[in-house]
Amino acid sequence: MRILFLFGPLFGLLFGLLFSPLFIWPAQAAQLSGSFVQGGLVIGEAKPGSRVTLDGTAVSVGANGAFVFGFGRDAKPSSILRITLPDGSVDQQNLAIKAQTYKVQRINGLPKRKVTPDPADTARIKADNSKIWKVRASMTPDTRFLSRFKWPVKGPISGVFGSQRILNGKPKSPHNGVDVAAPRGSTIVAPADGVVVLVHQDMFYTGKTLMIDHGLGLTSVYAHMDRILVVEGQVVEQGHPIGIVGQTGRSTGPHLHWGLTWKGTHLDPMQATGPMPPMPR
Ligand SMILES: [Zn+2]
C-alpha cells in the first residue's frame, strides 16, 4: 500500500521531467563555455550552419559556427537555449542562471545640481551616448571573441559591475562595467581580439574613450584614459597596447573603466576574465 503511494507521484515526476521541454539534455549540439550567472558571458561553438535562439530570440552565429551571448544584471533565473543543427535536429537546453547580489548605496540631502546634470551639459552627454550606442547596436560577422578575455590592465578593483547609487531617492543607472584603479601611466592592452570602432578624445563623463568590436554584437568600452594608442579601424589582437590609464572626463582618480556589452545588454567583464590575478610585489 505504502509502496504504491510512493510510486504514483514518483512515476509522475519522472515522466513529467523526461517529456517536459525544460528537461536538460546533455550539451551535444554545441560546446558552451562561460559563466551562467547574472552579468555572465557565454561563448558557444556549434556545427557551421547551426541556428541558435535564446528565449526565442535569434542569436547570430558566425560562419564557423561560433556564437556568443550573455545575461544582464537582472537576468531571470533560467533561459532556454535552442540549437537547430544543419540537419534539422534540435537540441534544447534549460540554462540555470545564478543570481548576484549588488551593492546599493543611498545618499540623501545632496544639492540638486549634483544629482541632475547641468542643462548646458545635457546636449553633449546626449551626443556622446548616441555615438556609444551606435557602436553597441552594430552587428559584424566576426568571431574575434573566440580569443577569450583577459584583464586589460592589472590593479585593485575600485568599482564592481551592477552596484547602484540612489541619490536623493532617485536611482541612478547601475555601474555598467568594472573599475581598475591602476596607477596613472599604466598600459592598457586589448583584453581580446577585435577591431577598434570608436576613438573619442573628450567625452563628458568618460573622457578619452575607446571602443572595440569583438564580433556578433559583443563590444567593449575603455574610459578615462590619459592617452589612446590605436586608431579607428585598427585590428587589435589580445595583449596589444591600446591606451594609457588616466583620469580624463568625470573621474575622481586615475582608473580604467572597462565595460562589456552584448546586443545592448551590459555584462560583467570580471565574469569574462575570472578574478584579477595576484599582483607582483
Ligand atoms: Zn566605472
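Strands (E, at least two residues) and helices (H or I, at least four) are DSSP runs, numbered from the N terminus. Two strands pair if DSSP finds at least two bridges between them. The model is predicted: local features need pLDDT of at least 70 and side-chain atom pairs count only at pLDDT 80 or more, while totals for chains, interfaces and linings use all residues. Residues are numbered from 1 along each chain as its sequence is written.

**View 1. Strand β14 and its partners.** β14 (residues 194-203) runs antiparallel to β18 (residues 235-236), and two bridges join them. G194 has V236 as its bridge partner in β18. Six bridges link β14 to β15 (residues 207-215), again an antiparallel pair. Here L198 stands opposite M211 of β15. With three residues between them, β14 and β15 form a hairpin.

**View 2. An open sheet of four strands.** The order is β4-β3-β6-β7, and the pairing is antiparallel. β4 (57-59) and β7 (90-96) are the edge strands, each pairing on one side only. On average, neighbouring strands are turned by 25 degrees against each other, direction ignored; axes are lines fitted to C-alpha atoms, and angles run from 0 to 180 degrees between N-to-C directions.

**View 3. Strands β6 and β7.** Seven bridges join β6 (residues 78-84) to β7. S79 has L95 in β7 as its bridge partner. In a regular strand, side chains alternate between the two faces of the sheet.

**View 4. An open sheet of three strands.** The order is β8-β10-β11, with mixed pairing. Its edge strands, β8 (104-107) and β11 (170-171), each pair on one side only. Two bridges join β10 (residues 164-167) to β11, and this pair is antiparallel. L167 stands opposite K170 in β11.
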